Amino acid sequence: MHIVRFVSPLTDAPAVGVDDGERVVELSGVTTVAELLRLPVEGLRERVAGADGPEHPSGSVRRLAPVDGQMEVWAAGVTYRRSREARVLESERAADVYELVYDAERPELFFKSVAWKVSGDGGRIAVRSDSEIDVPEPELGLVLNAAGEIAGYTVVDDVSSRTIEGVNPLYLPQAKIYLGACAVGPAIRPVWEVSDPYALDITLSIARAGETVWDGKASTSQLNRRLDDLAGYLYRADVFPDGAVLATGTCLVPDLPFTLQDGDTVTIGIGEVGILTTGVVKGLEPMRGIGGVL
Ligand code: DO4
Ligand code: MG
């Protein structure tokens, strides 16, 4: 079962429901994921078990990114050995910072996106026009409630410019935060339905003109951190009244000089959590109009 945010065929407005793979049952009186994340996990479980609103065939509704209201997307970095290796290679003069943070007690956490800029399944991601090497970063996303509990899991693409980050780690926000750099979805798998979040396969496949140009597979078993520890650091000195999504770092990085290109299709699968597919565009112009952006 997944918690989905979608366009209700009845009202043409965003709605939230429960998808059992055959039908989506709307949660009456709930229009945002944020409302659900104000509840403790037990309250969320009861609320979704009591879904009794209008029903739609599962394949018939247009899914939206399960991020809304004042939710924020954050990300952890260098949490897998593969990410550490890739960044040491791309960053000639500041390689040490990646070695140090991989081993440090305090994780690297960085802001990624406000809710309204996040792309969903079937949507678009972008590479910057001032960057030459750009990659998707397939990551397990923790869906955290207002109290900081892990309420569920989702798939996050932490799209990144390797060119800009490689020049200087202080450019990280420009490498990581721009319109089209964040996709989340297709839905939320509740925490009580995932038996072992440290044993999830992560796959990434990049298609170009109908051919697979890169694919790879890894597992959350390679994660060098504990999930509740990452969440704990995020909530240590900040509040998230509508909850947050915390991406837990990438374990799949194509070798240099591979780069995403305009027209590519990126597919990320995470075990029983879901499959997130997005199309790639280059630059700001094709992203205009997304989420009401001018
Ligand atoms: O330090 C840079 C970011 C690392 C990152 O995004 C990752 O490891 O996934
Ligand atoms: Mg990342």
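Let me begin with helix 2, whose face turned away from its buried side carries the exposed residues Glu 46 and Ala 49, where exposed means over 50% relative accessible area, buried under 20%, and partly exposed in between, with a 1.4 Å probe and protein chains only. Please keep in mind that this is a predicted model, in which local features need pLDDT of at least 70 and side-chain atom pairs count only at pLDDT 80 or more, while totals for chains, interfaces and linings use all residues. Residues are numbered from 1 along each chain as its sequence is written, chains are lettered from A and ligands numbered from 1 in the order in which they are written, and side-chain values use heavy atoms, with hydrogens and water left out.

The buried residues of helix 2, which spans residues 41-49, are Val 41, Leu 44 and Val 48. Seen down the axis, these buried residues fall within an arc of 55°, so they line one face of helix 2; the arc is that of the directions from the helix axis to the C-beta atoms. Helices here are DSSP runs (H or I, at least four residues), as are strands (E, at least two), numbered from the N terminus.

Helix 4, residues 95-103, has Ala 95, Tyr 98, Val 101 and Tyr 102 buried. Because they cover an arc of only 135° around the axis, they sit on the same side of helix 4, while Asp 96, Leu 100 and Asp 103 are exposed on the other side.

Glu 137 is buried at a relative accessible area of 4%, and Asp 158 is buried at 1%.

Glu 139 also has a polar side-chain atom 3.0 Å from an oxygen atom of ligand 1, and a polar backbone atom of Thr 250 lies 2.9 Å from an oxygen atom of ligand 1. The protein covers 99% of the 280 Å² of accessible area that ligand 1 has on its own, by the Shrake-Rupley method with a 1.4 Å probe.

Technical notes:
A polar contact is a pair of N or O atoms within 3.5 Å; within protein, one must be able to donate a hydrogen and the other to accept it, and residues adjacent in sequence count only if both atoms are side-chain atoms.
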